[in-house]
Amino acid sequence: MLNTIARFLYHYVFKRSSTFTLGAVITTMYFERAYDDTCEYIFETINKGMTLGHKFTIFFIFTIVYLAKTQHDKNGIPPWDFKSNFWTITKQRSDVDLQTPSTAKYVISSVPTFPPNSCSPHSHVFSFSNVGLQKIGRDFINSNDVVSLSLDNNNINDISPFAFRKMQNLKYLDLSGNNISKEKLLLPRNNNLQTLIIDNNRDSHDPVTEALKEYEVFQNLKHLHLCNSQLRNFQIHFYMATPILTHLYLNNNDINSTDAVFDNIPATLTHLYLNKNVIDRVKQGKLRHLQELSMNDNVITQVCFENCKDKSISLKGAAEMQYLSLARNLISEITSDAFSDTSRLLKLDLSGNKIADITKGTFNKTMMINNLSLANNSLVTVPDVCSIIFLRNLDLSGNRITAVFSGTFCINLRTLEYLHLSNNVITTIETRAFRSLLSLKYLDLSGNRLKQLPAHWVYSWYIQELHLERNNFTELDNISLINIKELKNIYLDENPMPVLTAGSFQLLPGHVRVHLKNIRVEYKCEQCTCENEDDEDDKNDDYENKNGNDDNSNDFLE
């Protein structure tokens with residue numbers, strides 16, 4: 001039988017060159033087709049749920065990583081250690097932290113750090129930002145080496161609950177800027193995730209839901225970001241879904257009731273951010289474990305302790321609070337016992353409200369505060385802050401204060417370094433008004449109605465920067481700077497000083513820099529006889545050129 005088949009193949013196939021060639025071509029074509037289909041089937045099975053372009057991208061990435069590992073092993077070079085690396089997520093909080101003398105804006109960084117020995121020997125960071133992804137299927141990536149994954153700014157509207165289960169060491173996941181249904185925001189399952197960011201989510205589903213409903217349990221999640229995601233209500237229990245959560249960001253949503261938030265947060269939560277919502281009330285005992293609360297741009301009208309109005313925030317039980325920001329609400333009243341339980345408070349921001357008066361003794365229990373902002377309110381007098389013995393930065397700018405009297409600032413404020421009184425209506429500063437502020441370095445009195453500063457109005461050897469812009473000073477002689485030995489900069493821009501004589505600068509402290517604008521300095525010899533008027537004019541011109549006076553620019557004299 002075999003001999004018959006062999007003779008047949010020899011006579012009709014191999015003996016004839018044309019037949020042999022045709023057979024080889026046909027066999028090669030079918031073999032190539034079968035091999036291609038087999039490889040495609042295997043690739044589709046492994047990467048189920050991803051589009052074709054992203055499959056090839058991931059294939060080449062893993063190929064490069066494999067080659068790099070091989071090269072490292074051959075050369076005896078240890079693998080890159082990702083344990084000492086982290087990823088910084090920056091969020092502007094200029095509306096939370098208080099203004100510094102340099103008007104610098106604070107930037108708070110939320111840095112997810114991983115505990116020692118939590119990363120595999122080869123840790124990888126993947127970023128698929130803005131690549132057009134629409135769906136994340138089951139087992140998106142099958143690798144325990146991935147510790148950080150960014151899928152932000154895509155068009156993702158569907159994520160399988162099992163998309164990330166094969167990444168057992170995933171610690172950081174960014175899903176911001178997508179179209180995920182709010183009902184399923186917290187469905188992706190991963191037990192070791194520590195930071196989850198789903199900011200700027202656009203729910204395009206019809207009908208659009210306004211509440212979080214379904215969720216998975218994140219046993220190790222500590223940082224959860226849900227800012228600007230059109231959220232109004234919560235039907236989930238954070239203490240069950242995120243049992244060890246420490247930081248929760250819910251800024252710029254439509255939350256109008258804090259019950260849905262405060263009744264469901266775990267006891268481990270220490271930092272809560274609710275800026276730019278429509279919250280009008282926080283009940284008693286809801287702030288028991290918080291260390292930082294930021295509720296700027298809401299509709300609170302009262303800060304209280306026990307006897308509270310409807311639209312109020314009660315600080316009763318807030319014994320752990322260190323940073324409290326209630327800027328740009330509608331607060332018009334602070335009860336005298338409001339801060340009875342906040343003895344650990346370090347920073348307090350009540351700027352941009354409607355506060356007209358603060359009862360004496362209100363801050364008696366808050367002696368640890370070092371930064372206090374009451375800017376842009378309706379205060380007519382400097383409030384009593386004598387009990388805040390560790391105060392370093394006090395901002396009272398943008399109020400309606402008319403005078404600073406002797407004894408306004410008591411001797412207890414010996415640690416105060418930065419004082420902002422700009423943009424008030426101050427016309428009078430009495431003698432010894434600031435003499436108790438022995439550590440004062442920075443004083444801003446710009447934008448007031450001052451015409452003179454009396455002798456001995458301040459007794460601080462340490463003032464280095466003094467702002468007097470936009471007042472009513474007509475002569476430099478009206479500004480007494482006696483005893484200010486360390487003064488380095490004085491700002492006199494936009495005062496009605498059309499002409500200054502060179503002799504006016506002789507009483508200034510040494511090495512001081514005077515900042516002027518639209519001021520002409522005349523140099524005159526009053527006690528000597530000049531040889532001729534031309535020499536006097538030349539000296540005047542040389543003095544002006546030396547000091548760089550220009551009517552169209554900000555100048556300074558030393």
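Let me begin with a term: a contact means heavy atoms within 4.5 Å. Among contacts in the protein between residues at least 6 apart in sequence, 53% join residues at least 24 apart.

A word on provenance. This is a predicted model, in which local features need pLDDT of at least 70, side-chain atom pairs count only at pLDDT 80 or more, and totals for chains, interfaces and linings use all residues. Residues are numbered from 1 along each chain as its sequence is written, and side-chain values use heavy atoms, with hydrogens and water left out.

The protein has six helices and 31 strands; these are DSSP runs, numbered from the N terminus, with helices (H or I) of at least four residues and strands (E) of at least two. Of its 558 residues, 46% count as buried. Buried means under 20% relative accessible area, exposed over 50%, and partly exposed in between, with a 1.4 Å probe and protein chains only.

I turn to strand β5, residues 146–150. Five of its five residues are buried, so β5 is largely enclosed by the rest of the structure. Strands count as paired if DSSP finds at least two bridges between them. Strand β3 (residues 124–127) runs parallel to β5, joined by four bridges, and Val125 has Ser148 as its bridge partner in β5. β5 also pairs in the parallel sense with strand β7 (residues 172–174), over three bridges; there, Leu149 is partnered by Leu173.

Next, the aromatic residues. Rings of Phe, Tyr and Trp (its six-membered ring) pair if their centres lie within 6.5 Å; planes under 30 degrees apart count as stacked, over 60 as edge-to-face and the rest as tilted. The structure holds seven such pairs. In one of them, Phe128 and Phe140 have ring centres 6.1 Å apart and planes at 85°, so the pair is edge-to-face. Both Phe128 and Phe140 are buried. Together with Phe126, they form one aromatic cluster.

Finally, which residues does Asn377 touch, not counting those up to four places away in sequence? Among them are Leu350, Ile355 and Gly398. Asn377 lies in the loop between β20 (371–373) and β21 (393–395), and at 5% relative accessibility it counts as buried. Its side chain reaches the backbone nitrogen of Ile355 at 3.1 Å, while the backbone oxygen of Leu374 lies 3.0 Å from a polar atom of the Asn377 side chain.

How values were computed
A polar contact is a pair of N or O atoms within 3.5 Å; within protein, one must be able to donate a hydrogen and the other to accept it, and residues adjacent in sequence count only if both atoms are side-chain atoms.
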